[in-house]
Amino acid sequence: MSEDINIVSIIGVGYLGKQIAEKTAMKEYTIHLYDTNVEDLEKFSIELKKRKKTSGEITSHESIKDAVKDADLIIEAVPEILELKREIFKIIDEAAQPNAILATNSSSFPVSKLEDVVERKNKLLNIHFYDLFAMPMADIMRGTKTSDETFEKGKKWVESIEITPLIVKKECYGFVFNRVWRAIKKECLKIWAGGYADLEEVDKAWRIFTGMGIGPFQFMDQIGLDVIYHIEMSYYKNSGLEEDKPPQALKDLVDNGNLGQKSGKGFYTY
Ligand SMILES: NC(=O)c1ccc[n+]([C@@H]2O[C@H](COP(=O)([O-])OP(=O)(O)OC[C@H]3O[C@@H](n4cnc5c(N)ncnc54)[C@H](O)[C@@H]3O)[C@@H](O)[C@H]2O)c1
């Protein structure tokens, strides 16, 4: 357990929010959950309570305000849409106790993009998780005014839930490893959308080259193609470079409801 953090709130309990809750629940932390999908949240929180072996409570809430009011650390994991994250950070900042740390799990936006909507500019962090069970690591990055104390507390909490922190020294899009993954993803999408090779060939090459069990397209299907599309759009909006624009073929898949494993079809059929 981290000495300074006892209560953790998770706002947005989808694919990643659930994993963050699962990992946090393995320790003594009290967890407050909020998601607009009330039915799914209720189901998940009942299951998690059954699995939790430590003493901290798990509660689901009907409003963000209620979910964050006594928290020491609040993790936001709503969809990768900047305006939505800004709206939510503003509500959290108004409702949370003054010492609470606010962290975003955003895959691409630096937390400095949320600074102007909050008062507590020294208590903001990017804590960007990967798949918490398969890849137990998290990028930790400061905003422009984040204090050393906030950074240290965030890092200790990450370590306390048995995740390896990856320290970002200077603010950048993509943090540490996501930036590397983004370069791979972008080129893979170009090869596929440009008709240079089938995606199965790219995945096969990746598996042989790295010895990993899955290739980039299989991994994107796992993550969700809507999530991938939003992340790619965020990189594109940040750079303004045409070469960063995700291919139309990816948007077509998303628009047609082919979102990857979660919808039964994406690059592959499940
Ligand atoms: N999927 C990944 O592998 C991955 C990895 C690292 C980071 N992330 C980041 O985590 C965040 C969430 O991604 P995800 O994959 O879990 O997405 P997701 O779509 O699975 O989950 C998002 C959740 O937010 C909820 N939500 C939507 N609007 C809300 C609101 N106004 N208030 C509260 N909840 C709301 C949705 O109901 C959903 O449960 C994104 O910023 C994404 O970039 C995702």
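**View 1. The open sheet has 8 strands.** In this predicted model, the strands follow the order β3-β2-β1-β4-β5-β6-β7-β8, with mixed pairing. Strands here are DSSP runs (E) of at least two residues, helices are runs (H or I) of at least four, and both are numbered from the N terminus. Two strands pair if DSSP finds at least two bridges between them. β3 (58–60) and β8 (164–167) are the edge strands, each pairing on one side only. From one strand to the next, the twist averages 25°.

**View 2. Strands β1 and β2 pair in the parallel sense.** V8 stands opposite I31 in β2. Helix α2 (residues 38–51) packs on the sheet and touches β2 and β3; contact means heavy atoms within 4.5 Å. The direction of α2 makes about 170° with that of β3. Such angles run from 0 to 180 degrees between N-to-C directions, with axes fitted to C-alpha atoms, for helices over the stretch in contact.

**View 3. The largest nonpolar core has 30 residues.** A nonpolar core is a set of buried Ala, Val, Leu, Ile, Met, Phe, Trp, Tyr and Cys residues joined through side-chain atoms within 4.5 Å. Buried means under 20% relative accessible area, exposed over 50%, and partly exposed in between (1.4 Å probe, protein chains only). L33, I127, F129 and W157 have the most contacts inside this core. Helix α1 (residues 15–25) gives the most to this core, with 4 residues. A second, separate core of 21 residues includes I11, I64, V118 and L124.

**View 4. W192 and F267 form an edge-to-face aromatic pair.** Their centres are 5.0 Å apart, with 85° between the planes. Rings of Phe, Tyr and Trp (its six-membered ring) pair if their centres lie within 6.5 Å; planes under 30 degrees apart count as stacked, over 60 as edge-to-face and the rest as tilted. W192 is in helix α6 (residues 177–193) and F267 in the segment after α10 (248–255), so the pair ties together parts 75 residues apart in sequence. Both residues, W192 and F267, are buried.

**View 5. R182 lies over the face of Y235.** The distance to the ring centre is 4.4 Å. A charge sits over a ring if NZ of Lys or CZ of Arg is within 6 Å of the ring centre and within 35 degrees of the ring normal.

**Notes.** Residues are numbered from 1 along each chain as its sequence is written. Local features need pLDDT of at least 70 and side-chain atom pairs 80 or more, while totals for chains, interfaces and linings use all residues; side-chain values use heavy atoms, leaving out hydrogens and water.
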